[in-house]
Amino acid sequence: MTTQTNPPSTTVPQREVRRRPKNRRAQIAAESAAAFAANGYHGVSMDDIAKRLGISSTALYRHFPNKYALFREELLRLSGLIAGTTALAEADGSPRERIDQLLDAVIAMTIANRATVRLTRWERRYLEPDDYHQLIEELTGPIRLMRALVAQVRPELSGHDRAVRAVAIFALTSSIGDHHVKVSSEVLAPLLHSASWAIIDADLTTPESATPEISETSSDAPLFRQEQLLRAAVTLFHERGYPNVSMEDIAGAANLVAASAVYRYYRGKSDLLATAFRRAAERASAAITAATSTERPPEAALAELIDGYVRDCFAERALTFVYYTEFGNVDAADQVTLRQMQQAVVTEWAALVVKARPELTMSEARVLVHACFSLVVDLGWIFRDTGICKRGKVIRILEAVAYRP
């Protein structure tokens, strides 16, 4: 008897076909934007982005030629969205209604892009000149419109005063990209809307004698070597950006012969940055102690805090700007300590805001406190050396946002 056997199978197992997602370019752009927002332009590489997406660097280069192209795409996407909000305020209506329309559009766009909107403020200096010019032109369109609408609502204001309020409103809304306070969009949107109107309606006049202008900290006076190095480093970080400054640059700015001399005083560049940040945080903590040391209304304590904070920031504008732009470059361990110090300061401020405005929650108050801190940076940076937005005016704006709705 013969046994019949089946012939060996010649069927080849089907190979799984992996299709490239139709929206791969959009996925890459979104992932790279999140990386830039978290780590800054210089803190991200093409390999980092490829790893986040789970693809090869080769696949990444099929869509974008380099890191700059990804960076440029996100910043110009954001500026284009901001520019597009002007169309939503062109409808017929009273000036106040049109301001409401523009505010609603800007706030909604900012909340929707909260994770990356900070890039248009702190990282835009790394754009190439033509791209930078395009971004600025698109960002200033809605500001010009807001200025014109404010002129119709407050015709008694000067052109400079209207400009300050318009810039302040956009600084206020974009400040939500600088922190992670959890507030639902249903709560956040009206909070920002109300604070924007507080800026428009506020009386920003102040006696010149009440808040005399002060110069930035001078480096001409004799200083200890540690202080010379610290000031030199902060100035260079402000002018060039932390990644573009070397220890040799810092040594030269402090009149040292070689970079090795810096290491006698600081462990490295990051140590210089962390030291400057700790000093700023300790100063803010000390101001809270002074403002709350006696029994008095919360408005009075807030007024003293605001006055002192603005004074210190105007005296050290470079450090104030660097704190916002370069925090991600501090070593991880130092970041933990500095964040704890910052959160303690924000909590103390927010507690006073809630006492002055019991209708607010602590989370809402924290949003307003962060907005105040951000406003000082933006107004000081945009109107620096112009005399348009002096210290007294900045103080009045912060008071309007914090406790004079």
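These notebook entries record what I looked up in a predicted model.

**Entry 1: helix 9 and helix 16**

I began with the general point that two packed helices are described by the angle between their axes and the distance between the axes. I then took helix 9, residues 185-201, together with helix 16, residues 362-382. Their axes come within 11 Å and cross at roughly 45°. Helix 9 and helix 16 are therefore oblique to each other. I noted the handedness as well: helix 9 passes helix 16 in a right-handed crossing.

Next I asked which residues of helix 9 and helix 16 meet. On the side of helix 9 I listed Val-187, Leu-188, Leu-191, Leu-192 and Ala-195, and on the side of helix 16 Glu-364, Val-367 and Leu-368. Sorted by class, this contact has seven nonpolar residues, no polar ones and one charged residue.

**Entry 2: helix 13 and helix 15**

I turned to helix 13, residues 298-315, and helix 15, residues 332-356. They pack at an angle of about 140°, and their axes are 9 Å apart. Angles over 145 degrees count as roughly antiparallel and 65 to 115 as roughly perpendicular, so helix 13 is oblique to helix 15. The crossing of helix 13 with helix 15 is left-handed.

From helix 13, I recorded Pro-298, Glu-299, Ala-301, Leu-302, Leu-305, Ile-306 and Tyr-309 as making the contact. Helix 15 contributes Trp-349, Leu-352, Val-353, Lys-355 and Ala-356. By class, I found 10 nonpolar residues, no polar ones and two charged ones in the contact of helix 13 with helix 15.

**Entry 3: Thr-116**

I located Thr-116 in the loop between helix 5 (95-112) and helix 6 (119-122). Is Thr-116 buried or exposed? Its relative accessibility is 8%, and because buried means under 20%, Thr-116 counts as buried.

I then looked up what surrounds Thr-116. With neighbours within four places in sequence left aside, Thr-116 is in contact with Ala-33, Ala-34, Ala-37, Glu-74, Arg-77 and Leu-78. One of these, Glu-74, is also joined to Thr-116 by a polar contact of 3.0 Å between the side chains.

**Entry 4: Glu-97**

My last entry concerns Glu-97, which lies in helix 5. Its relative accessible area is 45%, and Glu-97 is therefore partly exposed. I also looked up the spacing between Glu-97 and Leu-149, which are 52 residues apart along the chain. Their C-alpha atoms are separated by 9.8 Å.

Conventions. Residues numbered from 1 in each chain as written. Predicted model: local features only at pLDDT ≥ 70, side-chain atom pairs only at ≥ 80, totals over all residues. Heavy atoms only, no water. Axes fitted to C-alpha atoms, helices over the stretch in contact; angles between N-to-C directions. Helix = DSSP H or I, 4+ residues; strand = E, 2+ residues; numbered from the N terminus. Parallel < 35°, antiparallel > 145°, perpendicular 65-115°, else oblique. Left-handed = near helix turned anticlockwise from the far one by under 90°. Contact = heavy atoms within 4.5 Å. Nonpolar A, V, L, I, M, F, W, Y, C, P; charged D, E, K, R; others polar. Buried < 20%, exposed > 50% of the residue type's maximum accessible area, 1.4 Å probe, protein only. Polar contact = N/O pair within 3.5 Å; in protein donor to acceptor, adjacent residues only side chain to side chain.
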